[in-house]
Amino acid sequence: MPPITESAGERSHGPRYLSGQTLNHDSLTKHRADIPQYGWRRAVYWMSGGLFNPGIGEAEKARQQLRERVRRRLHAPHRVAVLSVKGGIGKTTLTACIGFSMAETRGDQVSVIDANPDAGTLADRLTGDSSVNIRHLLRDLDKLDALTDVTSYMTLAGRLKVLASDQDPAVSEALTAQEYRRVAQLLSKYFNLVFTDCGTGISHDTMTPTLEMAHSVVVVGSPTVDGASRAGHTLDWLESHGYAEQARNSIVVLNCKDTSEDVDAARITEHFRPRVRAVVSLPHDPHLASGGRIDFRRLRLSTRDVLTEISAHIADGFPEPYSERK
């Protein structure tokens, strides 16, 4: 049999059955976005062996849209400060949860720093390991010139890299402004996102460089008289100390670990809405309320959804690339 040869038309235009088609992910794979992951729709899909797909509901569509916002492209390192004038309001817990949510959703390099001057608990909540910490990093900082060098002084929670504070009360020293600045600058060389747990209060030495270097600010309050008042005082302090723009662009998170039926939570939200970029209420979650190490698989779906929403608001503040600016 003579060999099969291509005609001139086939050589110049390609096989007819590929005309108008592109070989890429969308044309060669089955779409997965419409496969339900929650509720009765998921049960129907898996019980039918995938033969019947009811599609995703409105809640899951909204969830996917939030995740797409979180994945917004970032063209330069972005630093986020999480702060409150009040201790015990859940700021460290929130820093841990937002950092983890961002790292898991985006997949790029995300880190958190415990800048609490009083032996903070960020690493305890995330990994339980503070055997290496910010003091060890500062000691060897001038020798570090690669990501693997830096991460050897950090612990890992999922995709999130955690830099612990010094935990030994016998030898620990409060972190100075210059030391924080050096650490933040180093991490910004290797991490797309750097979250700082600012510690209790707003008057310690590291607050000035933290706010000067922060691109986004998250203010933590609660839907109680004291918690709302403290969040308001935090914004007042920012505005009166030269950080008015950070205050206007901040995200207020009302942590509902403490609530009262005597307080009008909706009124608190409406009070803050004109002052800031976004106001979000984080629902009470029994797992977070225990105060122990956080296992994100044990968080309620509603909690995870709100953490994604907070992450989306942060990502909305990412600057546009220079090529797209007018």
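Predicted model: local features only at pLDDT ≥ 70, side-chain atom pairs only at ≥ 80, totals over all residues.
**View 1. The whole chain.** Of its 326 residues, 46% are buried. If you take the contacts with a separation of 6 or more, 77% come from residues 24 or more positions apart (contact here means heavy atoms within 4.5 Å).

**View 2. The open sheet.** Here 8 strands line up as β3-β4-β2-β5-β1-β6-β7-β8, with mixed pairing; two strands pair if DSSP finds at least two bridges between them. β3 (155-157) and β8 (278-282) sit at the edges with a single partner strand each, so one side of each has no neighbour in the sheet. On average, neighbouring strands are turned by 25 degrees against each other, direction ignored (axes are lines fitted to C-alpha atoms, for helices over the stretch in contact, and angles run from 0 to 180 degrees between N-to-C directions).

**View 3. β1 next to β5, with helices packed on the sheet.** Strands β1 (residues 78-83) and β5 (residues 193-197) run parallel and are joined by 5 bridges. Look for V82: its bridge partner in β5 is D197. Helix α5 (residues 91-106) packs on the sheet, touching strands including β1, β2 (110-114) and β4 (160-163), and its direction makes about 170 degrees with that of β5. Helix α11 (residues 225-240) packs there too, touching β1, β6 and β7, at about 150 degrees to the direction of β6.

View 4. β7 and β8 pair in the parallel sense over 5 bridges, and N255 stands opposite L282 in β8. β8 is mostly covered, with 4 of its 5 residues buried.

**View 5. C97 in helix α5.** C97 lies in α5 and counts as buried at 1% relative accessibility. Leaving out residues up to four places away in sequence, C97 touches L288, I294, F296 and L307. Now find R304: it is 207 residues from C97 in sequence, yet 8.8 Å away in space, C-alpha to C-alpha.

**View 6. S188 in helix α9.** Back to the opening residue, which lies in α9 (residues 177-190). Neighbours within four places in sequence aside, S188 is in contact with P77, R79 and V194.

**View 7. The second largest pocket.** This pocket holds about 230 Å³ of space, and of its 14 lining residues H215, S216, E245, Q246 and N249 lie nearest the centre. On a 1 Å grid over the protein atoms alone, a pocket is an open set of points where a 1.4 Å probe fits, with protein on both sides within 12 Å along at least five of seven lines; lining residues have an atom within 4 Å of a point. Volume is the space filled by probe spheres set on the points, which are joined across faces, edges and corners. α10 (207-213), β6 and α12 (244-248) each give two or more residues to the lining.

How values were computed: Residues numbered from 1 in each chain as written. Heavy atoms only, no water. Buried < 20%, exposed > 50% of the residue type's maximum accessible area, 1.4 Å probe, protein only.
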